[in-house]
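Open the model in your viewer and keep the selection tool at hand. Each stop below says what to select and what is there.

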Amino acid sequence: IDGSMLMAPGMIGQAVTFLRFGLSGLPGFALAIAANVLLIEGFHWPKPVAYLLVIWLQMTMGFVMCRYLVFPEASHHSLVNAYLQFALSMGLIRIADWSLYTSLVEFAKIPYVIAQISTTLIFIGNKFFSAKAIFSRN
(Lines give C-alpha, C1' and ligand atoms only; values in the text may rest on other atoms or scores of the structure.)
Protein backbone atom coordinates (compact mmCIF):
# COMPACT_ATOMS: atom_id res chain seq x y z
CA ILE A 1 0.00 0.00 0.00
CA ASP A 2 1.27 3.41 -0.96
CA GLY A 3 1.86 5.72 2.02
CA SER A 4 -0.40 8.37 0.49
CA MET A 5 -3.36 6.05 0.90
CA LEU A 6 -2.95 5.81 4.67
CA MET A 7 -4.42 8.30 7.10
CA ALA A 8 -2.03 10.70 8.76
CA PRO A 9 -1.77 10.15 12.55
CA GLY A 10 -3.65 13.40 13.22
CA MET A 11 -6.50 12.30 11.00
CA ILE A 12 -6.71 8.95 12.79
CA GLY A 13 -6.96 10.76 16.13
CA GLN A 14 -9.66 13.04 14.78
CA ALA A 15 -11.57 10.05 13.35
CA VAL A 16 -11.41 8.32 16.75
CA THR A 17 -12.64 11.50 18.46
CA PHE A 18 -15.48 11.81 15.93
CA LEU A 19 -16.43 8.18 16.59
CA ARG A 20 -16.42 8.81 20.37
CA PHE A 21 -18.55 11.93 19.72
CA GLY A 22 -21.08 9.96 17.68
CA LEU A 23 -21.27 7.08 20.14
CA SER A 24 -21.54 9.39 23.15
CA GLY A 25 -24.47 11.08 21.45
CA LEU A 26 -26.49 7.88 21.12
CA PRO A 27 -28.04 8.01 24.64
CA GLY A 28 -29.09 11.64 24.09
CA PHE A 29 -30.43 10.78 20.65
CA ALA A 30 -32.52 7.91 22.05
CA LEU A 31 -33.79 10.16 24.86
CA ALA A 32 -34.61 12.89 22.33
CA ILE A 33 -36.66 10.55 20.14
CA ALA A 34 -38.55 9.20 23.16
CA ALA A 35 -39.14 12.68 24.62
CA ASN A 36 -40.38 14.02 21.29
CA VAL A 37 -42.82 11.12 20.87
CA LEU A 38 -44.04 11.51 24.47
CA LEU A 39 -44.55 15.27 24.18
CA ILE A 40 -46.32 15.03 20.81
CA GLU A 41 -48.33 11.82 21.22
CA GLY A 42 -48.80 11.76 24.99
CA PHE A 43 -49.18 15.43 25.84
CA HIS A 44 -50.35 16.65 22.40
CA TRP A 45 -47.80 19.44 22.19
CA PRO A 46 -47.36 21.09 18.80
CA LYS A 47 -44.38 19.49 17.05
CA PRO A 48 -42.25 22.66 16.81
CA VAL A 49 -42.77 23.45 20.51
CA ALA A 50 -42.01 19.89 21.61
CA TYR A 51 -38.84 19.88 19.53
CA LEU A 52 -37.59 23.06 21.23
CA LEU A 53 -37.59 21.29 24.61
CA VAL A 54 -36.14 18.14 23.04
CA ILE A 55 -33.28 20.13 21.48
CA TRP A 56 -32.42 21.72 24.83
CA LEU A 57 -32.45 18.33 26.60
CA GLN A 58 -30.32 16.74 23.90
CA MET A 59 -27.92 19.69 23.83
CA THR A 60 -27.45 19.57 27.61
CA MET A 61 -26.88 15.82 27.61
CA GLY A 62 -24.46 16.30 24.71
CA PHE A 63 -22.53 18.85 26.75
CA VAL A 64 -22.10 16.43 29.65
CA MET A 65 -21.02 13.59 27.35
CA CYS A 66 -18.58 15.81 25.45
CA ARG A 67 -17.09 17.31 28.57
CA TYR A 68 -16.46 14.04 30.36
CA LEU A 69 -16.20 11.37 27.63
CA VAL A 70 -15.22 12.93 24.31
CA PHE A 71 -12.99 15.81 25.42
CA PRO A 72 -12.07 14.87 29.03
CA GLU A 73 -8.95 17.05 28.91
CA ALA A 74 -11.26 20.09 29.11
CA SER A 75 -13.18 18.90 32.20
CA HIS A 76 -11.05 20.94 34.59
CA HIS A 77 -12.35 24.27 33.23
CA SER A 78 -15.28 26.22 34.65
CA LEU A 79 -18.49 24.23 34.19
CA VAL A 80 -20.66 27.31 33.83
CA ASN A 81 -18.40 29.05 31.30
CA ALA A 82 -17.99 25.86 29.29
CA TYR A 83 -21.75 25.24 29.24
CA LEU A 84 -22.53 28.82 28.21
CA GLN A 85 -19.99 28.67 25.36
CA PHE A 86 -21.31 25.28 24.30
CA ALA A 87 -24.95 26.41 24.46
CA LEU A 88 -24.26 29.54 22.44
CA SER A 89 -22.34 27.72 19.73
CA MET A 90 -24.67 24.72 19.59
CA GLY A 91 -27.66 27.02 19.90
CA LEU A 92 -26.86 28.55 16.54
CA ILE A 93 -26.63 25.11 14.96
CA ARG A 94 -29.79 24.03 16.76
CA ILE A 95 -31.73 27.02 15.40
CA ALA A 96 -30.92 25.73 11.92
CA ASP A 97 -31.85 22.19 13.08
CA TRP A 98 -35.19 23.38 14.51
CA SER A 99 -35.96 25.46 11.42
CA LEU A 100 -35.33 22.56 9.07
CA TYR A 101 -37.27 20.13 11.31
CA THR A 102 -40.22 22.53 11.50
CA SER A 103 -40.20 23.04 7.73
CA LEU A 104 -40.10 19.30 7.14
CA VAL A 105 -42.96 18.45 9.52
CA GLU A 106 -45.18 21.49 9.03
CA PHE A 107 -44.80 22.20 5.32
CA ALA A 108 -43.40 19.05 3.68
CA LYS A 109 -45.51 16.85 6.01
CA ILE A 110 -42.59 14.50 6.69
CA PRO A 111 -43.28 12.27 9.74
CA TYR A 112 -41.70 13.98 12.73
CA VAL A 113 -39.46 11.08 13.78
CA ILE A 114 -38.05 10.85 10.23
CA ALA A 115 -37.48 14.62 10.25
CA GLN A 116 -35.76 14.40 13.65
CA ILE A 117 -33.44 11.60 12.49
CA SER A 118 -32.70 13.46 9.25
CA THR A 119 -31.76 16.73 10.93
CA THR A 120 -29.54 14.86 13.39
CA LEU A 121 -27.63 13.28 10.51
CA ILE A 122 -27.45 16.53 8.55
CA PHE A 123 -25.97 18.55 11.41
CA ILE A 124 -23.70 15.99 13.13
CA GLY A 125 -20.53 17.28 11.45
CA ASN A 126 -21.30 20.89 12.39
CA LYS A 127 -21.95 19.86 15.99
CA PHE A 128 -18.71 17.87 16.18
CA PHE A 129 -16.48 20.65 14.88
CA SER A 130 -18.24 23.22 17.06
CA ALA A 131 -17.83 21.08 20.19
CA LYS A 132 -14.22 20.34 19.31
CA ALA A 133 -13.47 24.05 18.92
CA ILE A 134 -15.11 24.90 22.25
CA PHE A 135 -13.48 22.15 24.27
CA SER A 136 -10.09 22.71 22.62
CA ARG A 137 -10.26 26.40 23.47
CA ASN A 138 -11.12 25.90 27.14
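This is a predicted model: local features need pLDDT of at least 70, side-chain atom pairs count only at pLDDT 80 or more; totals for chains, interfaces and linings use all residues.

**Stop 1: the largest pocket**

Show the pockets and pick the largest one. Its space comes to about 400 Å³. Helix 1 (9–42), helix 2 (47–70), helix 3 (79–107) and helix 4 each give two or more residues to its lining. Which helix gives the most to this lining? Colour helix 1: its share is 7 residues, the most given to the lining of the largest pocket.

Now select the residues nearest the centre. They are Phe21, Gly25, Gln58, Thr120 and Lys127, out of a lining of 21 residues. Colour the lining by class. You get 12 nonpolar, 7 polar and 2 charged residues.

**Stop 2: Thr120**

Stay at the pocket and centre on Thr120, one of the residues nearest the pocket centre. Thr120 sits in helix 4, which runs over residues 112–137. Is Thr120 buried or exposed? Its relative accessible area is 11%, under the 20% cut-off, so Thr120 counts as buried.

Show the contacts of Thr120. Leaving out residues up to four places away in sequence, Thr120 touches Phe29 and Lys127. Lys127 is also among the residues nearest the pocket centre. Next, display the polar atoms of the Thr120 side chain. One of them lies 2.9 Å from the backbone oxygen of Gln116.

**Stop 3: Gln116**

Gln116 is buried because its relative accessible area is 1%, under the 20% limit.

Show what surrounds the residue. Gln116 touches Ala32, Ile33, Asn36, Tyr51, Val54 and Tyr101, not counting residues up to four places away in sequence. Then select Met65 and draw a line between the two C-alpha atoms. Gln116 and Met65 are 51 residues apart along the chain, and their C-alpha atoms are separated by 20 Å.

**Stop 4: the salt bridge**

Side chains of opposite charge can pair when their charged atoms come close. How many salt bridges does a search of the whole structure find? The search finds 1. Select Asp97 and Arg94 to see the pair. Their closest N and O atoms are 3.0 Å apart.

Both partners lie in helix 3. Asp97 and Arg94 are 3 residues apart, about one turn of the helix. Asp97 has 0% relative accessibility, so Asp97 counts as buried. Arg94 is buried too, with a relative accessible area of 7%.

**Stop 5**

Finish with the backbone angles. Most residues other than glycine have a negative phi, and most peptide bonds are trans.

Select His44, in the loop between helix 1 and helix 2. His44 is not a glycine, yet its phi is positive, at about 60°. Is His44 buried or exposed? Its relative accessibility is 64%, over the 50% cut-off, so His44 counts as exposed.

Now jump to Lys109, in the loop between helix 3 and helix 4. What is the phi of Lys109? The value is near 60°, positive in a residue other than glycine. Lys109 counts as exposed because its relative accessibility is 60%, over the 50% cut-off.

Technical notes: Residues are numbered from 1 along each chain as its sequence is written. Side-chain values use heavy atoms; hydrogens and water are left out. Helices (H or I, at least four residues) and strands (E, at least two) are DSSP runs, numbered from the N terminus. Buried means under 20% relative accessible area, exposed over 50%, partly exposed in between (1.4 Å probe, protein chains only). A polar contact is a pair of N or O atoms within 3.5 Å; within protein, one must be able to donate a hydrogen and the other to accept it, and residues adjacent in sequence count only if both atoms are side-chain atoms. Contact means heavy atoms within 4.5 Å. On a 1 Å grid over the protein atoms alone, a cavity is a set of points where a 1.4 Å probe fits but cannot get out, and a pocket is an open set with protein on both sides within 12 Å along at least five of seven lines; lining residues have an atom within 4 Å of a point. Grid points are joined across faces, edges and corners, and a volume is the space filled by probe spheres set on the points. Ala, Val, Leu, Ile, Met, Phe, Trp, Tyr, Cys and Pro count as nonpolar, Asp, Glu, Lys and Arg as charged, and the others, Gly among them, as polar. A salt bridge is a side-chain nitrogen of Lys or Arg within 4 Å of a carboxyl oxygen of Asp or Glu.
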